[in-house]
Amino acid sequence: MTSAMEVLWKQALKTFSGRNSANFKLCQKNFEKLRALINNISAEDVKLEKQVLDFVQMQSAPMCVIDIFENQDITIAVFILKHGVTMPMHDHPGMHGLLKVIAGVIKIDSYSMQYADGDHIIKPNEEITAVKHPGIIVKDNDDACVLTPSERNLHEISCVEGPAAFLDILSPPYNVDEYGKGSRLCTFFRIISSQRATNSDEKTENVQLMVIDSPPDFYSRSLKYLGPPLR
Ligand SMILES: [Fe+2]
């Protein structure tokens, strides 16, 4: 029988196939199908058992990562955060992402950059204007969270009930050259000032962000994928 992970993987390949070519156009219908599939994924589907979560909590790294699949178009991985850990604010340049919590509870604070074309290359000392969306609490029976090149592309993730795990599909992967523009790097940020937005129904804030060096105390340990093979 085909596993739920295999079905998800095939749909992700289909949705993002050819992602790195200049004329790639995301098919919304395929994306919505993928979204529906990931919404139904549980810890059981990736064979993430309690012993593994207990191990994560006991070892020293703040986060463990289970790499499941990567090619030129997509990355699929499970991230497990220890209780109380915060994954510092970072971006996903030019990328789409789906994040499905499968264990524990996390808080996601998302930000959308103001020049939202997803094409901007960030310089080291640049100050960036962004909108901060209201933080959301996400647990395993909630739907997947979505980010796009322009919407909610930056986030900070805190583990409020841990260890917490989420399955992540990103396209294209980090470090893949997008039609000659160079390597896609993950940049970290911190807030330097914020101001409540007045012209919005949502409780958003306008924030100024500054690029920071990758936080040295935030590192990860890699764990083996024990779920069904993808073939
Ligand atoms: Fe992220």
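In this predicted model, Phe166 has a relative accessibility of 1% and therefore counts as buried, the cut-off being under 20%. Phe79, at 17% relative accessibility, counts as buried as well. These two residues form a stacked aromatic pair, with 5.5 Å from centre to centre and 20° between the planes. Phe79 belongs to strand β2 and Phe166 to strand β8, so that the pair links distant parts of the chain, 87 residues apart.

The structure holds three aromatic pairs. Another of them joins Trp9 and Phe69, whose ring centres are 5.6 Å apart and whose planes stand at 70°, so this pair is edge-to-face. Because Trp9 lies in helix α1 and Phe69 in strand β1, the contact ties together parts that are 60 residues apart in sequence. Trp9 is buried, with a relative accessible area of 9%, whereas Phe69, at 21% relative accessibility, counts as partly exposed. The two pairs described here are set out below.

| Pair | Centre to centre | Angle between planes | Geometry |
|---|---|---|---|
| Phe79 and Phe166 | 5.5 Å | 20° | stacked |
| Trp9 and Phe69 | 5.6 Å | 70° | edge-to-face |

Helix α1, which spans residues 4-16, also contains Glu6. Glu6 is buried yet has no salt bridge, and the nearest side chain of opposite charge, that of Lys10, is 4.3 Å away, which lies outside the 4 Å within which a salt bridge is counted. When residues up to four places away in sequence are left aside, Glu6 touches Pro229, Leu230 and Arg231.

In helix α3, residues 50-58, the buried residues are Val52, Leu53 and Val56. They cover an arc of only 100° around the axis, which puts them on the same side of α3. The face turned away from that buried side carries the exposed residues Lys50, Gln51 and Met58. As for their packing partners, the buried residues of α3 pack against the strands β1 (63-70), β2 (75-81), β4 (96-113), β8 (154-171) and β11 (220-223).

Which residues coordinate the iron ion? The ion is coordinated by His90, His92 and His155, in each case through NE2, at 2.1 Å. Along the sequence, the donor residues of the iron ion follow the spacing H-x1-H-x62-H. Water is not among the atoms, so the site may look incomplete.

Definitions and conventions
Residues numbered from 1 in each chain as written. Predicted model: local features only at pLDDT ≥ 70, side-chain atom pairs only at ≥ 80, totals over all residues. Heavy atoms only, no water. Donors = N, O, S within 2.8 Å, 3.2 Å for Na, K, Ca; no water. Helix = DSSP H or I, 4+ residues; strand = E, 2+ residues; numbered from the N terminus. Buried < 20%, exposed > 50% of the residue type's maximum accessible area, 1.4 Å probe, protein only. Lys, Arg positive; Asp, Glu negative; His and termini not counted. Contact = heavy atoms within 4.5 Å. Arc of directions from axis to C-beta. Phe/Tyr/Trp six-rings, centres within 6.5 Å; stacked < 30°, edge-to-face > 60°.
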